Amino acid sequence: MIQALTNRLLDFTPKNPDESLPQAAVLILCYEKDNDLYFVMTERSNSLPSHPGEVAFPGGKREKKDKNLKQTALREATEEISLDPAKVEILGQLDPLESRFGLSVTPFVGILKEKFELEPNPDEVADIFYLPLSFFKNNALIKRGVTNFKGETFDTPVIIYDNHEIWGLTLAFTLDFLKLFNIKFKDDLQIR
């Protein structure tokens, strides 16, 4: 599966981020186990001022010390989930998207090259979980959900995996990632 992912990313030409916006990056971190591909997701701490309790890929805003957005994604993953960047191979990136807060967010896809241990930084991450690609191949449902954020209500598509709600930009990046495996989002709100 890693080879298939590598080949698909080699054939993919991502768009450039909107340089007029503040920049951020996330890491879609994958590993292979038992003939399945998993990716690492986090549930953000409820004490954070931004996106508390939401499911997200490790990542955050670019800092001046970051040479590029790839370094931003790796630095943030190191801070959030104690990732050793030396154990990661970045395979490529997907199209950047603009968040509802006006950030240009670029997702990078990486694989863990060897055995790893991840620990959540409790100041930033409440939980780390591992989402298998097979979950989506088995017709995972995307339901319409009402999500409240700082007094604002959104009627939005939501995937539920083991009591974790995946929505918003994280869902958009997840669906873009799934397209690499020809798993597409249908109008009937079901993944096929």
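**Close-up 1. The side chain of Glu-80 and the backbone of Gly-59 in the predicted model.** A polar atom of the Glu-80 side chain lies 3.3 Å from the backbone nitrogen of Gly-59. Glu-80 belongs to helix α2, which runs over residues 69-81, and with a relative accessible area of 3% this residue is buried, because the cut-off for burial is under 20%. When residues up to four places away in sequence are not counted, Glu-80 touches Pro-58, Gly-59, Glu-119, Pro-120, Asn-121, Glu-124 and Val-125. Leu-118 stands 38 residues from Glu-80 in sequence, while the C-alpha atoms of Glu-80 and Leu-118 are 9.3 Å apart in space.

**Close-up 2. Helix α2, its ends and its cover.** At the start of α2, a side-chain oxygen of Asn-68 comes to within 3.2 Å of the backbone nitrogen of Lys-70, and just after the helix Ser-82 adopts a positive phi of about 55°. The end C-alpha atoms of α2 are 18 Å apart, in agreement with the 18 Å that its 13 residues should span at 1.5 Å a residue. Buried residues of α2 include Leu-69, Leu-74 and Ile-81, and among the elements that cover the buried residues of the helix are β1, β2 (36-44), β5 (88-93) and β8 (125-132).

**Close-up 3. Gln-23 in strand β1.** Gln-23 lies in the strand formed by residues 23-33 and counts as buried, because its relative accessibility of 11% is under 20%. The side chain of Gln-23 reaches the backbone oxygen of Leu-21 at 2.8 Å. Leaving aside neighbours within four places in sequence, Gln-23 is in contact with residues including Pro-17, Asp-18, Lys-61, Arg-62 and Leu-69.

How values were computed
Residues numbered from 1 in each chain as written. Predicted model: local features only at pLDDT ≥ 70, side-chain atom pairs only at ≥ 80, totals over all residues. Heavy atoms only, no water. Helix = DSSP H or I, 4+ residues; strand = E, 2+ residues; numbered from the N terminus. Buried < 20%, exposed > 50% of the residue type's maximum accessible area, 1.4 Å probe, protein only. Polar contact = N/O pair within 3.5 Å; in protein donor to acceptor, adjacent residues only side chain to side chain. Contact = heavy atoms within 4.5 Å. Expected span 1.5 Å × (residues − 1).
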